[in-house]
Amino acid sequence: MAQIDPLPPLRDVIATHGLSARKSLGQNFLLDLNLTARIARVAGDLSGSDILEVGPGPGGLTRGLLAEGARRVLAVEKDPRCLPALAEIAAAYPGQLEVIEGDALDVDALAHLTPPIRIAANLPYNVGTELLVRWLTPKEWPPVWSSMTLMFQKEVAERIVAAPGSKAYGRLALLAQWRADAHIALHLPPEAFTPPPKVSSAVVHLTALPKARFEADAAVLNRVVAAGFNQRRKMLRSALKGIAPDIEDRLIAAGLKPTDRAEQVPLEGFCALARAVAAA
Ligand code: SAM
């Protein structure tokens, strides 16, 4: 396999810097640089983009992103043990890699970047869904990012791209698909990581749409979707009882049947319901 850069192999980097993987930090490292370069290519043409990477660890994906021509990478890493390894990458790509030591949940890293911005990460599983939800619910749309290329546990990836009627369909699918295109770009077996996690993983690629597919107020949509799926086996008329006293009429006004269950209702139906609930 071709070398993607002149830096040492990741196994050596990990040995040199004593980066034994810590479970508490969700550390499952990608050591195959050809694979990380492939993930970077899923993110699209990086040459004109700033990239936010969360959790670079020893830098496998970081190196993939830089080798694939990223204009600039800003990486947020919680584990200070990784910083010397990342400093070696920064030295090999002068002016292109900046590392912030910190918790990605506390750092407003997107504010440091210049559009177009892409997010790419092999996410720590314990914070992955929370970060995704934050990135999908900025104060204004379109968001500052134009695409996100993110590794998740396969089961979470399936929830993001799920279609109505499937077991995986729920809040995450609706949130992601309302204002973005989302698809699974790559499946990875546990052995792709060191140490291997218990479950398979998948890379999801999301592209921000300029505007929502169907009109709805974000807060109202969130409320009806949350209520619907909190009791996903109940009929909408009882699951949504707390939303409005005349919820049956509003369901009908939205073209839905009060006896439908949330998992059968497509995005368009939830948006119509959010509009009917918001109407005076
Ligand atoms: N990107 C590397 C790779 O692909 O090999 C490492 C991925 S590993 C699954 C997750 C990384 O996220 C680890 O380096 C871990 O230290 C870091 N991490 C965990 N929680 C974090 C947090 N809250 N904020 C920033 N980084 C975090």
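Start at the ligand and select the residues around it: there are 23 of them, and Gly55, Gly57, Ala104, Asn122 and Pro124 come nearest. Keep in mind from here on that this is a predicted model. Colouring this shell by secondary structure shows that the elements contributing two or more residues are strand 1 (29–30), helix 3 (60–67) and strand 3 (72–77). If you colour by residue class instead, the shell around the ligand divides into 12 nonpolar, seven polar and four charged residues.

Next, select Leu86, whose place is in helix 4 (residues 83–92). Leu86 counts as buried because 24 C-beta neighbours lie inside 10 Å, the threshold for burial being 20 or more. Leaving aside residues up to four places away in sequence, Leu86 touches Pro56, Gly59, Thr62, Ala75, Glu77 and Val99.

Now clear the selection and look at the whole chain. The protein has 11 helices and nine strands. Its radius of gyration is 21 Å, close to the 19 Å that the globule rule gives for 280 residues, so the protein is as compact as a globular protein of that length. Along the principal axes, the C-alpha trace spans about 65 × 35 × 30 Å. Of the 280 residues, 42% count as buried, and among contacts with a separation of 6 or more, 67% are made by residues 24 or more positions apart.

Colour the chain by domain, with domain 1 covering 10–208 and domain 2 covering 218–279. The centres of domain 1 and domain 2, taken over C-alpha atoms, are separated by 34 Å. Where the domains meet, the contact takes nine residues from domain 1 and 10 residues from domain 2. On the side of domain 1 that touches domain 2, the residues divide into four nonpolar, four polar and one charged.

As general background, nonpolar side chains in soluble globular proteins tend to be buried together.

Centre the view on Val204, which touches Leu150, Phe152, Ala157, Ile160, Val161, Ala182, Ile184 and Ala185, not counting residues up to four places away in sequence. From there, select helix 6 (residues 154–161), whose buried residues are Val156, Ala157, Arg159, Ile160 and Val161. These buried residues of helix 6 pack against helix 5 (125–136), strand 6 (145–153), helix 7 (171–179), strand 7 (180–188) and strand 9 (201–208).

Finish with the backbone, showing the peptide bonds at two prolines. A cis peptide bond joins Pro115 and Pro116, with omega at about 0°, and Pro116 lies in the loop between strand 4 (97–101) and strand 5 (117–122). Another cis peptide bond joins Thr194 and Pro195, with omega at about -10°, and Pro195 has its place in the loop between strand 8 (193–194) and strand 9. For context, most peptide bonds are trans.

Technical notes. Residues numbered from 1 in each chain as written. Predicted model: local features only at pLDDT ≥ 70, side-chain atom pairs only at ≥ 80, totals over all residues. Near = placed C-beta within 6 Å. Helix = DSSP H or I, 4+ residues; strand = E, 2+ residues; numbered from the N terminus. Nonpolar A, V, L, I, M, F, W, Y, C, P; charged D, E, K, R; others polar. Contact = placed C-beta atoms within 7 Å. Rg over C-alpha atoms; globule rule 2.2 N^0.38 Å. Buried ≥ 20, exposed ≤ 12 C-beta atoms within 10 Å, placed from the backbone. Domains from an automatic or database assignment.
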